[in-house]
Amino acid sequence: MFFTGGDQWKVLRQNLSPMFSSKKLKNMFYLIEVCSKTITEYMRSEIQHSNVIEVRSLLAKYTMDCIGNCVFGVNTGTLGKNTDNNPFTIMGNKIFDISTYRGFKMVARAMWPSIFYSLQLKMFSEDINKFFHNLLTDVFKTRKYKESGRHDFVDLLLCWKQKDFIVGDSVSNNIKGEKSQVQIKVDDECLISQCVLLFAAGYETTATTTSFILYELAKHKDAQIRVVKEIDEYYERHEGKIEFESINEMPYLQACICETLRLYPVLGVITREVFEDYTLPTGLLLEKGTRIHIPIYHNQMNTKYFPNPEEFRPERFLGEEKKNIKPYTYLPFGEGPRMCIGMRFAKMPMVTALLAIFKDYRIETTERTPKSFDFEPRAISTQPLGGIYLKFLSRN
């Protein structure tokens, strides 16, 4: 869905959206909670050797475990020992491969999509497609193409299989006042492509954002103390359990997530294509097919919209001050019809990881912790150059 447009995007969006309802996510949350126990045990083992941990690799393994359970319905084993040869880790690294050629393809697709596809270029290599095709075909067959009761995304997608087609509205309906319907054939390739999308969109981005949150809290002790206090109060209310309600029950933690996404948006630039000729209030005509590049990072670091933009200040997203944020200046998940469909799902592993970590540890910077970041210009998403090393100190 991320790489499609027009009627195909509209039909997929309409049929995928119900999978991200509060009820569906709550039914799925137990899978994330299991992964939180796994990362807790993994960290206890790692800290016996050294309390300085490179958090990007740690959270990449954790997020992979969450995505594997929720999307593919399998235990990836990425939080086990000797995971360098783990096939999920290998595929994740290939999807987010950093190379000059990948950087060229990314820019070419954004700037000249017609040339990109006419040259039969692809963002992902064939071995990635083959791996996920074999994996998911086996999962579908094991479940006999029916719901298994796990309440994961594979279950939800297999509901489509009960019909030969999924149906949705045409994008032209809003403009022409019509009620045209468009259908897409449901086959294995259709189902597999949605699973790969969820994996690619949720893996690296969630892990890196959570790493940035820990980095900023390690640098800002007052904010960390306030987060830990809020987490302790949450555990008292919920008898020490991590539950679905945690996503929205801790306003200061949510403000820290929002502020981190302002400083480090997942995508520094997002691209949109004009569907029909449109004249702006200034009189400028945007012709159909024009590609517009929106500078998310620039806007979110602009002193015109955010005073002292380089300062980590979660209070921007609390109470009355939150009302001062001008519409469309803060777009970490995009906005409008193409706003990130998995926004609430992405917060589940983020919040759960933070709950699990701060229950047992406080964190500090080390001599290896960078004071600021340079970003990898060839990466699909915002990624720092180098690792993020933090010291974990037991609270008990």
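## An aromatic cluster

Phe 212, Tyr 215, Tyr 264, Tyr 297, Phe 373 and Phe 375 come together as one aromatic cluster. This is a predicted model, where local features need pLDDT of at least 70, side-chain atom pairs count only at pLDDT 80 or more, and totals for chains, interfaces and linings use all residues. Residues are numbered from 1 along each chain as its sequence is written, and side-chain values use heavy atoms, with hydrogens and water left out.

## Rings in pairs

What makes a pair here? Rings of Phe, Tyr and Trp (its six-membered ring) pair if their centres lie within 6.5 Å; planes under 30 degrees apart are stacked, over 60 edge-to-face, and the rest tilted. By this rule there are 17 aromatic pairs. Take Tyr 234 and Tyr 235: their ring centres are 5.8 Å apart and their planes sit at 65 degrees, so this pair is edge-to-face. Both of these tyrosines are buried, meaning under 20% relative accessible area, while exposed is over 50% and partly exposed is in between (1.4 Å probe, protein chains only).

Tyr 297 and Phe 375 make an edge-to-face pair too, with 6.2 Å from centre to centre and 75 degrees between the planes. Tyr 297 belongs to helix α14 (residues 296-300) and Phe 375 to the loop between β8 and β9, so their pairing ties together parts 78 residues apart in sequence. Helices (H or I, at least four residues) and strands (E, at least two) are DSSP runs, numbered from the N terminus. Tyr 297 is partly exposed at 35% relative accessibility, and Phe 375 is partly exposed at 29%.

## Around Thr 366

Thr 366 is in the loop between β8 (361-365) and β9 (389-394). Is Thr 366 buried or exposed? With a relative accessible area of 18%, Thr 366 is buried. A polar atom of its side chain lies 3.0 Å from the backbone nitrogen of Arg 368. Leaving aside neighbours within four places in sequence, Thr 366 has contacts (heavy atoms within 4.5 Å) with Val 52, Tyr 389, Leu 390 and Lys 391.

Tyr 389 turns up again with Arg 368, whose charged end sits over the Tyr 389 ring, 3.7 Å from its centre. That wording needs CZ of Arg or NZ of Lys within 6 Å of the ring centre and within 35 degrees of the ring normal. Arg 262 does this with Phe 306, at 5.3 Å from the ring centre.

## Leu 58

Leu 58 is part of helix α3 (residues 55-72) and is buried, at 3% relative accessible area. Beyond neighbours within four places in sequence, Leu 58 touches Ile 39, Tyr 42, Met 43, Ile 53 and Leu 79.

Conventions. Polar contact = N/O pair within 3.5 Å; in protein donor to acceptor, adjacent residues only side chain to side chain.
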